Amino acid sequence: MNFTEAIALSLCLALSLGTAKAQNLLTNPHARATLSLNGEWQYIIDPYETGFYDYRFKEKAERDPGAYWNSGAADSRTDLREHGYDDQATLRVPGDWNAQDPKFLYYEGTVWYKKDFDYQKKSAENRVFLYFGAVNYQAEVYLNGKKLGRHIGGFTPFQFEIPDSVLQEQDNLLVVKVDNKRYKDAVPTVNTDWWNYGGITRDVLLIETPGFFVEDYFLQLKNGGTNARPIAENAEAAGWVELNGATKGEKVHIAIPELNLEKTIAYAGERTAFSLRLPEVELWSDANPKRYAISIRAGQDELNDQIGFRTIAVEGKQILLNGKPVFLRGICLHEEMPMEARRAYSKEDATTLLGWAAELNCNFVRLAHYPHNEHMVRTADSLGILLWSEIPVYWTIDFGNPEVLEKAQAQLQEMIARDRNRPSIIIWSVGNETPVSPTRTAFMKELVKTARGLDDTRLISAALEVHYNRDKNTIDDPLGAATDVVSVNEYLGWYVGLPSYCQTAQWETVYDKPLIISETGAGSLGGFHADSLTRWSEEYQEWFYEEQVKMMKRMPDNYTGFTPWILTDFRSPKRNHPVYQEGWNRKGLISNTGDKKKAFYVLQAYYNWIEAQGQK
Ligand code: GCB
């Protein structure tokens, strides 16, 4: 057995052992939340993890008063305590810690968060869950001194059920150990071109449910069931529903009142398939983001959601939205608010960021390089912006390590579990600029397979790299054989030559599939003006975009989408030019002061032109 075969075998083993288990997740948690635990939390910075390990570096015992999951309050004046929580030190949740106090700017390590709360259950039989939108990167969660669990992965949600024996009516002590250290075997790994924002970066909710409840569902139009018209008649939607805690035979009622549709099925004791014939349905699209209220009831529980019906497919070299070719006028986005140099987390943030994309006349956004918060995706649903959602399998992940595959699989599963009913998402991306090798390709193909297995109603892609050549730039990464759409990042005119190189550049792909240029970009410091040959000037970036746009107009006919890098400047510790960068990646079309750079208008004009042409 050679090395590659050995790796392939260990990957198979990891999968067949089922080590990358899907987590259960309550779908649409905001519609259910009983108590928001957002707000001020007290904290302790613990770079040596003193609150976790004893002096022999062993995990502390649960009742150890020196463990930071315990309050640190002394029982008597003779007690020795060396930690405690205090209102002098608080952090806002949701939010990264880096932006909240200068001492956190570069901090990578452990911070303990603590929150007290009272909670009275509505009925003794009910169940209570603690839900986190995301914690970067690793979280250990404790309630009243008991460990509820641990979660690894900085951009996906997780939940723990709180046993009745642990929950109190008053003075619950909730402590979360958050660790954002970078590790080689993590996903992402140690090297990324973005800021490693730490903290409880998304909402924290307490959710009360009846004894059994509707945990999750999936409902999508069948791909064959539509045509190019905005209304489909008698279209078939299919999916499943999953109850938690219910027994076989329990009745589940599904209703879409606006369509006068009701259906009752019997729960089969596991994910139960169902289908609906939709009498006459307005399709969701970028032009008409029509959504319908759906309710799913079982026993005492009712799950409410907003759903959109649309299809997405590839036919030859085209992407078809509702059976009609669509060109993706896109932009890349980090989950970051540039003016405040912090993680984006709210509906308002999503409205600002996607509003800028809409001003560019985008109908598509690439959410780079990790799953963004749920507000972003739901806001895109409401605005009619199509989305690409990605897991942080970025650059040089440790591809030969089966545990790394497991971590990537878990994040992929959690991303899809949260968002599989969102009409805006049309593409799942399994990674970005991963270096070609047999081990890496085997790893990435496993991810493609998993994504397809979890959701066969969307397209799969990954941002690949290009072979630059003065005669012809070639896209031939073997991973392209496995994805539905071939996507490629190219920086002709920034990392390679000058923008004038675009004038003679030729392109070829070995794949007869839709092609998305998933990145291109040039840096400029907002407000710095010079001639167009001067790097970092707005004029250089403007010229770069002008040449790129001309080149795009000559792309092979499978060119179906463009998502330049990037909507706004974003923080990156890798960008250290003292004048032009100061810790910012400057490829934004909007500066960190919120001002539009000249290149913004070049891309906007291009997108207006494409729209005026009708579809490409
Ligand atoms: C890339 C990466 C992106 C970087 C960008 C850059 O190819 O995918 O994460 O930030 O280039 O600015 O170099």
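Strands S21 and S24 are paired in the parallel sense, with four bridges between them. The model under discussion is a predicted one. Within this pairing, Cys332 is the residue that stands opposite Arg366 of S24.

S24, which covers residues 364–367, directs its side chains to two sides: Phe364 and Arg366 point one way, Val365 and Leu367 the other way, and all are buried. S24 is also joined to strand S25 (residues 386–390), again by four bridges, and these two strands run parallel. Here Val365 is placed opposite Leu387 of S25.

The UniProt record, an unreviewed entry, places the feature "domain: Glycoside hydrolase family 2 catalytic" at residues 312–608. In the model, that span is 28% helix and 22% strand, and its end C-alpha atoms lie 23 Å apart.

Helix H8 comprises the 16 residues 598–613. At 1.5 Å a residue, H8 should span 22 Å; the distance between its end C-alpha atoms is 24 Å, which agrees with that expectation. Which residues of H8 are buried? They are Ala599, Phe600, Val602, Leu603, Gln604, Tyr606, Tyr607 and Ile610. The packing partners of these buried residues are strand S21 (328–333), helix H3 (347–359), helix H7 (538–552) and strand S32 (559–562). Just after H8, Gly614 adopts a positive phi of about 80 degrees.

Three strands, in the order S11-S12-S15, form an open sheet with antiparallel pairing. Strand S11 (213–221) and strand S15 (272–282) stand at its edges; each has a single partner strand, so one side of each is left without a neighbour in the sheet. From one strand to the next, the twist averages 30 degrees. The pairing of strand S12 (residues 231–244) with S15 is made by 10 bridges, and the two run antiparallel. Ala237, for its part, stands opposite Leu276 in S15.

Terms used. Residues are numbered from 1 along each chain as its sequence is written. This is a predicted model: local features need pLDDT of at least 70, side-chain atom pairs count only at pLDDT 80 or more; totals for chains, interfaces and linings use all residues. Side-chain values use heavy atoms; hydrogens and water are left out. UniProt positions are given in the numbering used here, feature names are shortened, and annotations may be inferred rather than shown by experiment. The expected span of a helix is 1.5 Å times one less than its number of residues. Buried means under 20% relative accessible area, exposed over 50%, partly exposed in between (1.4 Å probe, protein chains only). Contact means heavy atoms within 4.5 Å. Two strands pair if DSSP finds at least two bridges between them. Axes are lines fitted to C-alpha atoms, for helices over the stretch in contact, and angles run from 0 to 180 degrees between N-to-C directions.
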